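Good morning, and thank you for the time.

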Amino acid sequence: MKRDPWPSVRGPVLCVVGARPNFMKMAPILRALAAHEPSLPSLLVHTGQHYDADMNDKLFVDLRLPSPDINLEVGSGTHAVQTAEVMRRFEPVLDAHRPSCVLVVGDVNSTLACTLVASKKGVPVAHVEAGLRSYDRSMPEEINRVLTDQIADLLYTTERVAHDNLAREGIDASRAHFVGNVMIDSLLANRGLAVPPQESLRRGGVDLSAFDVSRGYGVVTLHRPSNVDDAAALGPLLEVLRDLSERLPLVFALHPRTRGNIERFGLSPLVSGGSIAVLPPQGYLEMLGLMSHASLVLTDSGGMQEETTALGVPCLTLRENTERPITIDQGTNTLVGRDRGAIERAFGEIMSGHGKRGRVPELWDGRAAERIAAHLGDWLAHRPALATT
Ligand code: UD1
């Protein structure tokens, strides 16, 4: 019996987001797909990996993301439970909507889960931000990156080193396409809308007469399990931050994982001093405003290493490695790990005016999503018809 051909070449592009760092990557892609001639219809699937209002809803508003067409509402869980639950709930979505392809971004559990489901059903997968490698398999994101890139059909990259990484894993060069950085598309599109730092602090209940940011401040974020899940790692890190805050006031936007662990380990006194302002997870426009005016950023985030490079703000990355080496080679990033000496040295250099200035990497020009839509539209239009038996 002849079956209806599927996956369809004309079905929608199913765009998947799950966690906070996916949202700023997907917003420009959705706009570019809609603006493409002929327009490429898309559906937005949210797996529900992140669900708190300040990890989720606020960012949708800031980034002018449409409400998801489908929400899988998986919530939190162990990696196995979260990944399995996304897979189980994503499969019927593919059956119902018959997409022309699935587009995933970044390296979170939802990225891998949806890629696995789609590729086993013969639905093409496009991975945006492919080929980044920390070469540290203790990071869950590294596992997600390696596996997603092995099975996705189209690999859109942000820097040329990604192509070397993919080649090393035996991936054919014809699958990889250097398009630039969609996260920087979002940054450039929203820079003019950034919320002034004083406003974000005031909204966070910080007393601005006691916490004066007019003479400079640093921004801190921490959420990597390797930094925050173990008291022996988190405690000394918070002690260093407390000491640095005596020289430069610090604004610490707390991820729910980190907040929970600080309380659980009894470390709250280390962050409840006069020179550290603790804020809830910030909206996109608030964080953009805070970073743009900061003297420096201390973080273990992947995205903020790139955003600070694009903004020309020095960044000290509290990790031993980075999957984004261009931010070190060309940008403003320095790896300092959790080493007190390295952190204090790099901090001192920035405070004495010798921080890295860097330059903006190739194709981080605000048009990466446009290039993705152009390539994907062409690829879908010329894809050979699929078998119908
Ligand atoms: C996830 C991503 C990480 C990304 C980060 C950004 C993976 C493997 N990790 O890590 O790459 O940098 O998002 O934030 O996909 N929680 C809430 N509310 C929420 C979401 C989470 O309270 O909206 C709490 C839950 O207790 C949960 C914990 O935070 O157990 C961790 O959330 P999870 O999504 O598992 O991983 P992240 O640490 O956020």
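In this structure, a polar side-chain atom of Q49 lies 2.8 Å from an oxygen atom of the ligand; a polar contact here is a pair of N or O atoms within 3.5 Å. The model is predicted: local features need pLDDT of at least 70, side-chain atom pairs count only at pLDDT 80 or more, and totals for chains, interfaces and linings use all residues. Residues are numbered from 1 along each chain as its sequence is written, and side-chain values use heavy atoms, with hydrogens and water left out.

A polar backbone atom of N109 is 2.9 Å from a ligand oxygen atom. For H255, an N or O atom of the side chain is 2.9 Å from an oxygen atom of the ligand. On its own the ligand has 740 Å² of accessible area, of which the protein covers 85% (Shrake-Rupley method, 1.4 Å probe).

Which elements give two or more residues to the shell around the ligand? They are α1 (20–35), α3 (79–97), α5 (140–151) and α11 (256–264), where helices are DSSP runs of H or I, at least four residues, strands are runs of E, at least two, and both are numbered from the N terminus.

I turn now to the backbone. The peptide bond from E37 to P38 is cis, with omega near -10 degrees, and P38 lies in the loop between α1 and β2 (42–46).

E129, although not a glycine, has a positive phi of about 85 degrees. This residue belongs to strand β5 (residues 125–130). Is E129 buried or exposed? E129 is buried, at 5% relative accessible area (buried means under 20%, exposed over 50%, partly exposed in between, with a 1.4 Å probe and protein chains only).

Technical notes:
Polar contact = N/O pair within 3.5 Å; in protein donor to acceptor, adjacent residues only side chain to side chain.
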